[in-house]
Amino acid sequence: MRFFLLFSLLAIAAACSKKPDERVADRPAGPITLVIHGGAGTIKRENMTPEREQAYHAALQQALDSGYTVLERGGKSLDAVIAAIKVMENSPLFNAGKGAVFNSEGKNELDASIMDGSNLMAGAVAGVTTIKNPITAAYAVMTKSEHVMMIGDGAEKFAREQNLEIVDPSYFFDSLRYKQWLKTKEAEADREAALIDPYTKDKKFGTVGAVALDQYGNIAAGTSTGGMTNKKYGRVGDAPIIGAGTYADNASCGVSATGWGEFFIRLAVAHDIASLVKYTDLSLQEAADSVVMKKVPRLGGDGGIIALDRLGNISMTFNTAGMYRGYIQKKGEGKTFIYKD
Ligand code: ASP
């Protein structure tokens, strides 16, 4: 009996662990690559004007170009992630930085995180209201403090000390998003109404994220968001939680998520995908499918992820009608997408 048990355990272990020659960490790295997202949701063609659609593609392309330029010049994946995310934070089209949604008190409280897959260092900020580009604050927490996460006033004080760009909270005021919030308040706890995007009239999450692979074979991932419209004061979503909205490990993959944050936290989505890649025979795409297409909806959540491994394999998986997304692996050949097809 004991032998039988031992044999079964060994068989399971053998089936679940990758053979050394299959481990991504042991194989030559793939080409420099950048993959980004600008939020997932019920993004439908019929609700879009051609101009609006064009504006999204242009903003995504600008983010891709900006990050890829860093990689191409021999820069680090971390810097490419920051460059791409800053472009999207500065655009009102996305729910991050300048386009952040309003919380239940009519304030913009921003969250962001970043992770270095080469050494598992990570940084995050949550509930900040005056840092123009929260992704740069997350990076400062990672590189200039001994902490992983800082919140609210403390994070802002630290950002000032690090000479990051500070703005008045009114910088984040966007009248279309404000009107969206007022409508949501009227609808009182109507989650569907809370997700209506004022720019596209679609229901969507607009968090932004990027995952990059540099010429040194290092992966980095980052995510930045305003959270969810009408969220309760002080609510923190998955975006700044390492392992939920963001994760990066050269030995498995980098992941950035967008979606209903509470579900992504409870399922530790980003880390779960990375673990499936690391410890099972699933490919990156299969791992992403198993978490995003099965586990998240089973619990009642929705959203999507982007992921990238050291070989340059990409996944852009979502269980919603669309996800603003794109990738670039060759100079001048960036591709951006909105809908499922
Ligand atoms: N995941 C974000 C949050 O829950 C929302 C989003 O993806 O837009 O805060």
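The side chain of Thr207 places an N or O atom 2.6 Å from an oxygen atom of the ligand, a polar contact in the sense of a pair of N or O atoms within 3.5 Å. This is a predicted model, in which local features need pLDDT of at least 70, side-chain atom pairs count only at pLDDT 80 or more, and totals for chains, interfaces and linings use all residues. Residues are numbered from 1 along each chain as its sequence is written, and side-chain values use heavy atoms, with hydrogens and water left out.

An oxygen atom of the ligand also lies 3.0 Å from a backbone N or O atom of Gly206. On the side chain of Asp238, an N or O atom is 2.6 Å from a nitrogen atom of the ligand. On its own the ligand has 270 Å² of accessible area (Shrake-Rupley method, 1.4 Å probe), and the protein covers 100% of that area. Residues around the ligand, with a heavy atom within 4 Å of it, include Asn95, Phe205, Met228 and Arg235.

Elsewhere, the axes of helix 3 (residues 77-89) and helix 4 (residues 134-144) come within 8 Å and cross at roughly 150 degrees. Axes are lines fitted to C-alpha atoms over the stretch in contact, with angles from 0 to 180 degrees between N-to-C directions; helices are DSSP runs (H or I) of at least four residues, numbered from the N terminus. Helix 3 and helix 4 are therefore roughly antiparallel, a term for angles over 145 degrees. Their contact (heavy atoms within 4.5 Å) involves, among others, Leu78 and Ile82 of helix 3 and Tyr139 and Met142 of helix 4.

Key:
Helices (H or I, at least four residues) and strands (E, at least two) are DSSP runs, numbered from the N terminus. Angles under 35 degrees count as roughly parallel, over 145 as roughly antiparallel, 65 to 115 as roughly perpendicular and the rest as oblique. A polar contact is a pair of N or O atoms within 3.5 Å; within protein, one must be able to donate a hydrogen and the other to accept it, and residues adjacent in sequence count only if both atoms are side-chain atoms.
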